[in-house]
Amino acid sequence: MKRISIFFLLVLLQATWNFGRSQDLILNDLEYFETQGVNVVVYNNLFTGGFNDEKTAGIELIHHGVRTAQGGAIRLSNTPEQWDLVPVIPTRKVDRASKSIESVLRYEDYDFESRVVVTAKGKGVEISVYLDKPVPAILEGSAGFNLEFLPSQYWGKTYLMDGRYNRFSRYVAGNSITRPNNEKIKQYKGYITSDDRGTGRFIDPLPLETGHTLLLAPDDPERLVKITSPDADIMLFDGRMLAQNGWFVVRSLLPSGKTGKVLTWMVEPNAVDGWVKEPNIGFSQVGYLPLQPKVSVIELDKKDKPFIKASIYKIGDDGNATEVFSGNIVPWGDYYKYHYVKFDFTLVNTPGIYYIKYGDFKTNNFLIENNVYDWITDATSDIWIPIHMNHMFVNEAYRVWHGEPFKESYLQAPPNTDHFDLHRQGPTTDTRFKALETIPGLNVGGFFDAGDFDIETGSNIGVVQNLVQTWEYFKPLRDQTFVDEKQRYVDLHRPDGTPDVLQFIEHGTLNLVAQAEIIGHMAQTLSNSVLDNYHHLGDAASITDGLPYNPNLGPYEMAPDGRSSGVKDDMWAFTSRNPGLDLRAATMFAAASRALKGYNDDLSERALQQSKRLLKESTELLANQPQRSGRFDRGSADMGTNLQLYITTGEQQYLDKFQELLWPALERNVSFVILTALHAIPHMEESYKEKLRPYVVKYKEYIEGLEKDNPYGVPIGLGNWAGGGAVVSFGTTICFANKYFPEIIDASHAFKTTNWLFGCHPYHNYSLVATVGAARPKEVFYGNNRADFSFIPGNVAPGILFRKPDHFENYDDWPFLWGQNEGTIGGNTGYLIFGSAFKNIVK
């Protein structure tokens, strides 16, 4: 025992020595606490509840460049899940004199309010919780202060609690108990994230450790954090017990019956003496064409002194590397947290294998060759898209990606139902089906939306439009996928004699036509009815039991004939009618009909019939609606829809409406509208193109403005969903602008998009696309296999997520943040258009 105590004392002394060498935290001009290597961000990013990711808010720790802790707040459970209640934070006050930030946290459902005060104290921060009223009786033993730590940055490392040694596990391990459901704090809007299988009890994880002094990762100075509390037990939980996206949770309960200052923590993140962030040398992991511009953007710590030059080394056939180019480093300037410089090596144009060396840092190798972009869309079209084909058995060699899902079709969603994925069934069904009645025939075609398994009708409409556009512009004949709609079977890497894009158009159209024919209009979504299978991770075919729900059976009971069950796991069709959505579908059906003619004439004709019917009905419905601002107004669709209707029908009314809306919209925001305007050129007279020319010049000015806005020269998003889609759209716009106005828009601007997507961006230099040819693509994505810490080839991540006030990130060891890692069917088919257009202009 004495030997253990002495060793613990030595560890504490080592930790104290580490802490002692760092500088004190200060409250900076951006209103967070910092010293070199440590940022403590206090409620700059707020909780939102429900659908939004809640691992990006609260008190957060950015530790030596990585956001390793978040969620610091009063929470009502040991290991909060995404749909657990979160506090609103109505006030946040910064007091520079006392070096503190004070915020009010409130739970409206329980009329429970607390104040959290974070104060800089030496090398750390003191976190104090104040109550004006005692914890409500119903929350006693539930309300506590939590701070969550990123598992991928801590597993395999050690921790100490009051001198007891342990190690963070790679996979979830620990103990739990079950408690009666009446003791569970209600979740957001009354949703329930788990299925108790009729037991009436819920799972409650037990702490891994309890004490008053916790040392996290004393074996890793960059992750070392000391947390102490003189007045409360500190508990350590593994949040992965309830959800794979859970974090390690440090927690102290609030005492019952007390007011005033009821809890104090001292949190001391270690700052490594002299630490400077390593340079992030941005470049294209896919490589470069010999004659294209080649510019590396290098992200530097503001305390780092830039080198004067960087070099290019070529790897010879004998494996030896030789310096072949040395060029000047050109400063760009500061952008949010870091400083940026550029290294232009365009003069290197001989095909070969190369790497960049900057000081003592060198990149992995890349290619310069004429064929580097030939395969950039192949993984997306050959693998990612077919894997997301719903209602099919999808096979790849020895692997089954998923069985045939939802054989029981879909139930009619009951009236007045709010859905956890932001949908709502209105006061009526708007169909001939009764609440919870099976709607036969909807289980055909369609695509999974993203990392989940629903059919978002709006997204699927956009997907078919993307695929039709790809087909009509570029006619890709690539055939690497076997698709048999009758067998409901897909086999990857097996040609079947039909272009894959044409089969994808067919598959998407099948579901959308079925909706129109069977429901009578377009559903909002075909989605999960219960939250506990919405967050399903695994084979899509196992989400439901494949049997329609029978209300005459008991819970989990199966009918004697085996054709129905009492399991409430069925998918629902949310069918409240939206004439705007119907009008979009009418446009899509007309386009799909053109593409399918001569391949599937029956489906082509059915699509055209539904297009005409929905066009007539939706136009009448919109005409009878009150005038409103937004996407649709009084019987007219938005500008893009009017254009597509004109292309399909040739009717002058749609052309007139399109032009009526177009020119004012271009005046308001040329960058947002110009792509739609460009798509109209082949269908217009020459005078239209000339009238458009000044706006293309304006768009060129927008492109030049981006060069001044950020060092990458692309539109960088700053919202809760990273801006990769905007960057892809930017690249697509440049490709089409160059096609029609090459004298104004140079094709070289399109390389800014490929550079960004393939590795030249903040935080790291990995390709955001799991694409063929990338030397170092991201290793984890938020897909339906995210629990395996893997990816689906061809996926396109949203990209680099911005967290207020100045932090960009993209985790490549933790897939579960959808805002930065989740590819969508809409986004990935949008990438298919960009990749096709890009390959077209470089050839």
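Me: Why is Ala 413 called buried?

Reply: In this predicted model, Ala 413 has a relative accessible area of 0%. Buried means under 20%. The value is under that cut-off, so Ala 413 counts as buried.

Me: Where in the chain is Ala 413?

Reply: Ala 413 is in the loop between strand S31 (410-412) and strand S32 (417-418).

Me: What is in contact with Ala 413, leaving aside its neighbours within four places in sequence?

Reply: The residues are Gln 425, Thr 429, Trp 572, Ala 573 and Phe 574. Contact needs heavy atoms within 4.5 Å. Ala 435 is 22 residues from Ala 413 along the chain, and their C-alpha atoms are separated by 5.9 Å.

Me: What makes a group of residues a nonpolar core?

Reply: Its members are buried nonpolar residues joined through side-chain atoms within 4.5 Å. The largest such core here has 130 residues. Those with the most contacts inside it are Ile 505, Phe 589, Tyr 688 and Leu 692. Helix H4 (residues 500-519) gives the most to this core, with eleven residues. A second, separate core has 57 residues, including Val 38 and Leu 236.

Me: Which residues does Phe 589 touch, leaving aside its neighbours within four places in sequence?

Reply: Among them are Leu 512, Val 513, Ala 516 and Met 522. Others include Ala 607 and Leu 614.

Me: Why does the radius of gyration of the chain agree with a compact globule?

Reply: With 843 residues, a compact globule would have a radius near 28 Å. The chain has 29 Å, so the two agree. Its C-alpha atoms fill a box of roughly 85 × 75 × 55 Å along the principal axes.

Me: How many of the 843 residues count as buried?

Reply: The share is 60%. The chain has 15 helices and 41 strands. Its accessible surface comes to about 33200 Å², and 51% of that belongs to carbon and sulfur atoms.

How values were computed: Residues are numbered from 1 along each chain as its sequence is written. This is a predicted model: local features need pLDDT of at least 70, side-chain atom pairs count only at pLDDT 80 or more; totals for chains, interfaces and linings use all residues. Side-chain values use heavy atoms; hydrogens and water are left out. Buried means under 20% relative accessible area, exposed over 50%, partly exposed in between (1.4 Å probe, protein chains only). Helices (H or I, at least four residues) and strands (E, at least two) are DSSP runs, numbered from the N terminus. The radius of gyration is taken over C-alpha atoms; the globule rule is 2.2 Å times the number of residues to the power 0.38. Accessible areas come from the Shrake-Rupley method with a 1.4 Å probe; for residues, only the protein chains shown count as cover.
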